[in-house]
Amino acid sequence: MIEFRSVTKQFPDGTVAVRDFSLVMPSRKITVLVGSSGSGKTTILRMINRMVDPTSGSIEIDGENVSVLDPVRLRRSIGYVMQNSGLLPHRKVADNIATVPLLRGTKRRDARARALELMDTVGLDRSLADRYPSQLSGGQQQRVGVARGLAVDPNILLMDEPFGAVDPLVRAELQHELVRLQHELGKTVVFVTHDIDEAFLLGDQVVIFKPGGIVAQVGTPEQILAAPADEFVSRFVGADRGKRSLHVRSENGREIVVDADGRPAGVLDGGDHDEAETRETVSGASAQGDQPR
Ligand SMILES: Nc1ncnc2c1ncn2[C@@H]1O[C@H](COP(=O)(O)OP(=O)(O)OP(=O)(O)O)[C@@H](O)[C@H]1O
């Protein structure tokens, strides 16, 4: 569990990025920070692994104040995945994944074996192990980034807009991969995004920020949708939602899910499936009152 207690961060130039922020981020759950640009989301993330230290207040991991922990060791024990993957261009995929284990003294052969296993975990073909990042697609690079984040088998995984730079189809694929991985691995994930649909798809707990870094609402997607705290949250979660309310249309014997503008949003699988699978098939577009999760 990660706990923020009245945390404020003021940068030396006077900018207050985070103001009196308190929150519990439960273990083995995904907490998503979503909202306006400049509201302090990245700063909050970076205070967890001490890339940034708070001006006042405290941050605890499982009851231990991070300020007493060695920043380098802390950083190497927590997975960090960022936008544009942050891969080292002159290092091969397997070496990129193994960066931190190698820094921590793991033998090269063991680190490579573990990197190959992690490629399986994140759905990357092992044949890509000896390529350089520039020889991969954007989606593949992000998967390498996730594999690298998992390489030290961290309990905590920090993800800063990890899927922000890939096209919508690949993005949906990566989101579903993360849901699958989380079922398997049960990490404590803190995930930053601008995208409310992504927040609702991934978040067990969602924190919505208003401009100025003010927390507008904290809750499960269901709680937020059922009872938005104020007008700002209503507008933020409701933007486009009506437009994207879905209905089903039959075409050539298949059931096509279309939005209010008639654009196809997905296909309902006619085979044996349960309701959850059906939701999976149509996810990527949000049905009013029926969020894919
Ligand atoms: N090193 C720094 N020095 C001064 N101000 C900073 C520094 N880092 C961030 N800030 C400022 O702090 C505020 C919060 O920034 P932060 O990156 O945490 O917001 P964010 O919510 O992640 O934004 P975005 O969604 O655009 O990435 C912004 O006004 C930003 O300009």
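This is a predicted model: local features need pLDDT of at least 70, side-chain atom pairs count only at pLDDT 80 or more; totals for chains, interfaces and linings use all residues.
Visitor: How many residues of β8 are buried?
Guide: A residue counts as buried if 20 or more other C-beta atoms lie within 10 Å of its own. By that test β8 is mostly covered. The number of buried residues, out of six, is six.

Visitor: In what order do the six strands of the open sheet with β8 lie?
Guide: This sheet is open and its pairing is mixed. Its edges are held by β6 and β10 (214–219), each with a single partner strand, so one side of each has no neighbour in the sheet. On average, neighbouring strands are turned by 15 degrees against each other, direction ignored. Read across, the order is β6-β7-β8-β3-β9-β10.

Visitor: Which residue of β8 is the bridge partner of T31?
Guide: Strand β3 (residues 30–35) pairs with β8 in the parallel sense, over five bridges. Within this pairing, L33 has V192 as its bridge partner in β8. For T31, the partner in β8 is V190.

Visitor: And which residue of β8 is the bridge partner of L158?
Guide: Here we look at β7 and strand β8 (residues 188–193), which also pair in the parallel sense over five bridges. The partner of L158 in β8 is V190.

Visitor: Through which helix does the chain cross from β7 to β8?
Guide: The path is a β-α-β crossover, and it is right-handed. The helix between the two strands covers residues 168–185 and is α7.

Visitor: Why is β7 largely enclosed by the rest of the structure?
Guide: Strand β7 (residues 156–160) has five residues. Strand β6 (residues 79–82) is joined to it by four bridges and runs parallel, with G79 bridging to L157.

Visitor: Which strands does helix α6 touch?
Guide: Helix α6 (residues 138–150) packs on the six-stranded sheet. Its direction makes about 165 degrees with that of β6. The strands touched are β6 and β7.

Visitor: Which strands are the edge strands of the four-stranded sheet?
Guide: That open sheet has the order β2-β1-β4-β5, with antiparallel pairing. Strand β4 (residues 56–61) meets β5 over two bridges, and I61 stands opposite E64.

Visitor: Which helix gives the largest share of the shell around the ligand?
Guide: The residues around the ligand include F11, D13, S37, K41, T42, T43 and H194. By class, the shell has two nonpolar, eight polar and two charged residues. The largest share, three residues, comes from the helix at residues 41–48, α1.

Methods:
Residues are numbered from 1 along each chain as its sequence is written. Two strands pair if DSSP finds at least two bridges between them. A residue is buried if 20 or more other C-beta atoms lie within 10 Å of its own, exposed if 12 or fewer, and partly exposed in between; C-beta atoms are placed from the backbone. A crossover is right-handed if, with the strands pointing away from the viewer, the path from the first strand over the helix to the second runs clockwise. A residue is near a molecule or strand if its C-beta atom, placed from the backbone, lies within 6 Å of it. Ala, Val, Leu, Ile, Met, Phe, Trp, Tyr, Cys and Pro count as nonpolar, Asp, Glu, Lys and Arg as charged, and the others, Gly among them, as polar. Axes are lines fitted to C-alpha atoms, for helices over the stretch in contact, and angles run from 0 to 180 degrees between N-to-C directions. Two residues are in contact if their C-beta atoms, placed from the backbone, lie within 7 Å.
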